[in-house]
Structures are given as structure tokens and as C-alpha cells.
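Thanks, everyone, for making the time.

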Amino acid sequence: ETQRLQKLLDLKDNYQIEGTGARVIGRSSEAWSQTVIINKGTNEGISTGQTVIGTSGVVGQVVSASGSTATVRLLTDPQSGAAAMVQSSRAEGILRGSLIGLLYLEDLDADAEVNVGDVIVTSGLGGSYARGLIIGTVVKVDAQQGDTSRRIVVSPNDSIDTLEDVLVVSSVGASDDDDRIQRLFEQLRFRKRLEQLLVKLEQLR
């Protein structure tokens, strides 16, 4: 337990994260639903929409909260959808969950460069998740670059099955790298691409 808490603290320091620590106290018993209950709620400032991280990266998002508990929908939930990007190439897409525990990065530009081993992080598009937090690693690329139906298989960085301690994110400090990423986004994003991704995110909510 001490080691898990230390990892959370290290992640918090590395990302300059402000947030509230919580313990997982319950899990959904339904096979098609990937949610957990944490022991912090609105009394501690927890609110719907906040990003939740484990000891190694993003695990989900708060979807409801009461006074003393909150429900977190995990990234692996089929109803989950998060705007994400490939850290190396800045290629953007939408990350979707699956019942088998893997994540799928879809809706990428056909010419976007993605390779096995690439790190996937949250892009912050649409405000659904805090920007710049690690999600997982690409383990398989279906089809070749230039194929519009290409799907990227991502292994989550944090193990959902053993999830016990989490941090509910209130804010993430801006780093020099984050500022550089933001400038690139402002220069390279096309309005049409933004609108398409935002529409898809709305449909997933």
C-alpha cells in the first residue's frame, strides 16, 4: 500500500497535479459496465467530469458523485470516449474502450504516423479529460498508414483489475512541453477537423 501511494505522489509531482486521493471501494458487477466506486465525493470537492488517474496514468472519469462517494467510468468501458493523441507525432483521435480490457484509438487522419510502442496521452480536446496525461502504449496497428479504416490497439498503462488507489485531478500544471504542444495545436489544427472530433465526443456522452 505504501508503495502504491508513493507512486501516486510521484505522478502528482511529475505532472504538477492538484487533486484528491481516494480509495476504490466497489466495482460494477455487470460484465458490460466498467465502473468503480471511490470513497470521496462532493464533500471533498469531487464533481462529474473530473479525470481520474492511477499509479501509472489515466484510468477514467467521474460520471456521478454523492456526498461521500463517486462513480468512475473506466477508460476500458465500451461507453467511454476520450480525446487522445500520439505523443511522438501529435496525431489525434478518439480512444474507445472494450470489454476485453484493451483500448482502441480511432478516427485518426489516414496519413497520421503511428507505430507499435508509441505512447498515447490525453489531448484535452473538448475538455473531457485533463490534457497531457499518459494513457497507455500502442501494441498493434491494424492496416497501414493511408488506410482510413485503420484502428490502433492501445494497452492501458495502469492495470484496471488491481486498481485500489486513485487521484481525482483538479488541475494540471503547464510545463514548457505543454506550452509547446499547445502552440503546435493552434498552428496545425484545421477547424473542420476540430468540429468533427467534437461532434464524435458529444455522441459518446
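Is Arg23 buried, partly exposed or exposed? With a relative accessible area of 26%, Arg23 is partly exposed, where buried means under 20% relative accessible area, exposed means over 50%, and partly exposed lies in between, using a 1.4 Å probe and protein chains only.

Before going further, some conventions: this is a predicted model, in which local features need pLDDT of at least 70 and side-chain atom pairs count only at pLDDT 80 or more, while totals for chains, interfaces and linings use all residues. Residues are numbered from 1 along each chain as its sequence is written, and side-chain values use heavy atoms, with hydrogens and water left out.

As for confidence, pLDDT is the predictor's confidence in each residue, from 0 to 100, and its mean for the protein is 81, with 76% of the residues reaching 70 or more. Over residues 180–192 the pLDDT is below 50. Where pLDDT is low, the predicted coordinates should not be read in detail.

The protein has three helices and 12 strands, taken as DSSP runs numbered from the N terminus, helices being H or I with at least four residues and strands E with at least two.

Back to Arg23, which forms a salt bridge with Asp165, the closest N and O atoms being 2.7 Å apart; the term denotes a side-chain nitrogen of Lys or Arg within 4 Å of a carboxyl oxygen of Asp or Glu. This pair links distant parts of the chain, since Arg23 sits in strand β1 and Asp165 in strand β12, 142 residues apart.

A search of the whole structure finds four salt bridges, and Arg96, Glu106 and Asp107 are linked in a network of them. Arg96 pairs with Glu106 at 2.7 Å between the closest N and O atoms, and with Asp107 at 3.0 Å, N to O.

Terms used. Contact means heavy atoms within 4.5 Å.
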